[in-house]
Amino acid sequence: MAPTPGILYVTMQPKPSLPISQFHDWYNNEHGPTRLRLPFVTNGFRYRASDLDGAAPSEEKPEWMAVYDITDMDELTTDTYLRLRDQPVKSQREADTMKEIKVDRKLYDHVQSWESKEFKVLEKVENEGEGNVVVAVFLTLFPGEEPAKEVEKWYQQEHVDMLSKVPGWLRTRRFVTSSIDPKAPVEHLALHEYKPQNGLAGEEFKAAVSTKWAQEIMTKSVKSKGRRVYGLYYTFGPAPRYLAPNLSSWQSSDVKSSLTKTLPDSPGGAGAIESFIATKDGVELPFRLEGSQDPDAPLIVLSNSILVDYKIWDGFLASFFSDPANKKYRVLRYLTRGRSSSCGTQKITVDVLAADIIAILDALRVKKAAAVIGVSLGGCTTLNTALKYPDRVNSFISCDTSSKSPAGNSKAWGERIALSEKESASTSSGEKIVGEGLAEITTRRWFVKESYDGGELEKTCLQVKEMVKNNSLDGFKKSVEALFEYDLKEEMKTSAVKGAFVVGSADGVLPGTMKEMAASYGSNGAAYEVIDGAGHLPMVEKPQKFAEVVTKLLG
């Protein structure tokens, strides 16, 4: 049987006892993204009523509406969906919050659609920021087949044609109560979409709703009619991204899904979100988002070196956000493919890693990153992202890396893999990890000897050593292949994306290498900065200086 597309249409009116901040936090960070991760939910939009005319919203005329497009309505009867609505998958927060909301939930099968040439698919990331107005018209018809036939004929032969002449009309879609909800009274729904600036108060619209045929339909075929008008408020994505100063301290409860957390405290001042995005090949990339609560705030993406996690940026971000001017940014850091053994089956290359950054931007509905900043493997990744996706990156900062894999790289890394395999370290669950031996050698090579000062900096270096030690051995072996063979030199010569190259003064030959990279970049070269007293991870050893350099380069 062919799938039956349709929509889930929900109105909500929070009770006065529910803080509006809690309502938005729950809806935007828990409820909506959980549904957008389902393969049969293609989009999700929140709307706010614009037809209250100064009156207070009520349960009879609620302020909030959400609509989700469903590829096959039968999927809403399966356990994949229904399990979301019951505990323990349904969190205690969701259960408590929904007790404070009057919810009206309706299911509709799609009947027919008409589109203007100017219609845009709003769930596409390139259309983020576009608004629309939705006029929802509900019709309950008199019994029998004839009223339904007459309404359909009216829509097809007159009504939509006249609506299409209203300035700003974009799309009309017709629905009927879904066959998966046989106990629900049959209702016909039309969703008419317009640009924010439209002619709903104009002569064309008045003409469309006042024809002789329209009057006959309303008297002879329609038993009752309802009408609501809404403006687009928020577009869900498959990852939570709603930051606010009063975020709840919350974590998801679905044991079959990776963890999502919201945290009230962060150097950025508007809490933090720890969650994950899924790439097209099914690899999960855990991330942490923090910074400005402005949903349109410029986003900085931080990309790690191999063998570490995103906590290498802790000191840098504390320094970066201590400058009030930098609190205008949102910052996302993530675990690079290869941190864990779950890193997919395709060969990991710098192109795959660049595509991962784009997948992150898409999941967070960011059209263009303000900057991508990476170190070592991450430095190569961010450079390659700017080269391959110049329309998605405003600038990049590439740290402690090379534009071409050095000769003998695969041999050197092969020897390091062999060292880890010989140690054969593992976790308590039995997963093979990199181990103590390579971790000690690697971090001693990365950091200057002065960093082992017996104080706080040495503790930080030892924390990085633990990151290296506990990296999945299988993930390491797969991800290190990205460093074996790549060459970005020719592409760099013609790039127009604003770029900068930063290096620790004590990082072997890289200061000279990166100076040459900066000189050969684009038509006029790129900025070049040296962090004195730092080795391979300058954001770890010199976080304040690194923050100052980044702030200057962001300009």
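Mentor: Let us begin with burial, for which a cut-off is needed: a residue is called buried when its relative accessible area is under 20%, exposed when that value is over 50%, and partly exposed in between. Please keep in mind throughout that this is a predicted model.

Trainee: Is Asp25 buried or exposed?

Mentor: Asp25 has a relative accessibility of 1%, and therefore counts as buried. Asp25 belongs to helix α1, which spans residues 20-36, and, leaving aside residues up to four places away in sequence, Asp25 touches Glu30, Arg93, Tyr242, Leu247, Ser248 and Thr262.

Trainee: Turning to the strands, in what order does the closed barrel run?

Mentor: The closed barrel has eight strands with antiparallel pairing, and their order is β1-β3-β2-β8-β5-β7-β6-β4. From one strand to the next, the twist averages 35°. Helix α4 (residues 145-163) packs on this sheet, where it touches β4, β5, β6 and β7, and its direction makes about 170° with that of β6.

Trainee: How many bridges join strand β2 to strand β3?

Mentor: Seven bridges join β2 (residues 41-49) to β3 (residues 64-70), the two strands running antiparallel, and Val41 stands opposite Ile70 in β3. As for another helix, α6 (residues 212-221) lies across β5 and β8, running at about 115° to β8.

Trainee: How should I read aromatic pairs, and how many does a search of the whole structure find?

Mentor: A pair of aromatic rings is described by the distance of the centres and the angle of the planes. The search of the whole structure finds 21 aromatic pairs. Trp154 and Tyr155 form one that is tilted, with 5.1 Å centre to centre and 55° between the planes, and both of these residues are buried.

Trainee: Why is the pair of Phe501 and Tyr521 edge-to-face?

Mentor: Planes over 60 degrees apart count as edge-to-face, and the planes of Phe501 and Tyr521 stand at 70°, with the ring centres 5.9 Å apart, so the pair is edge-to-face. This pair links distant parts of the chain, 20 residues apart, since Phe501 is in strand β17 whereas Tyr521 is in the loop between α15 and β18. Phe501 counts as buried because its relative accessibility is 0%, and Tyr521 is buried too, with a relative accessible area of 3%.

Trainee: Which residue lies over the face of Phe276?

Mentor: Arg37 lies there, at 3.8 Å from the ring centre of Phe276, and Arg444 lies over the face of Tyr452, at 3.8 Å from that ring centre.

Key
Residues are numbered from 1 along each chain as its sequence is written. This is a predicted model: local features need pLDDT of at least 70, side-chain atom pairs count only at pLDDT 80 or more; totals for chains, interfaces and linings use all residues. Side-chain values use heavy atoms; hydrogens and water are left out. Two strands pair if DSSP finds at least two bridges between them. Helices (H or I, at least four residues) and strands (E, at least two) are DSSP runs, numbered from the N terminus. Axes are lines fitted to C-alpha atoms, for helices over the stretch in contact, and angles run from 0 to 180 degrees between N-to-C directions. Contact means heavy atoms within 4.5 Å. Buried means under 20% relative accessible area, exposed over 50%, partly exposed in between (1.4 Å probe, protein chains only). Rings of Phe, Tyr and Trp (its six-membered ring) pair if their centres lie within 6.5 Å; planes under 30 degrees apart count as stacked, over 60 as edge-to-face and the rest as tilted. A charge sits over a ring if NZ of Lys or CZ of Arg is within 6 Å of the ring centre and within 35 degrees of the ring normal.
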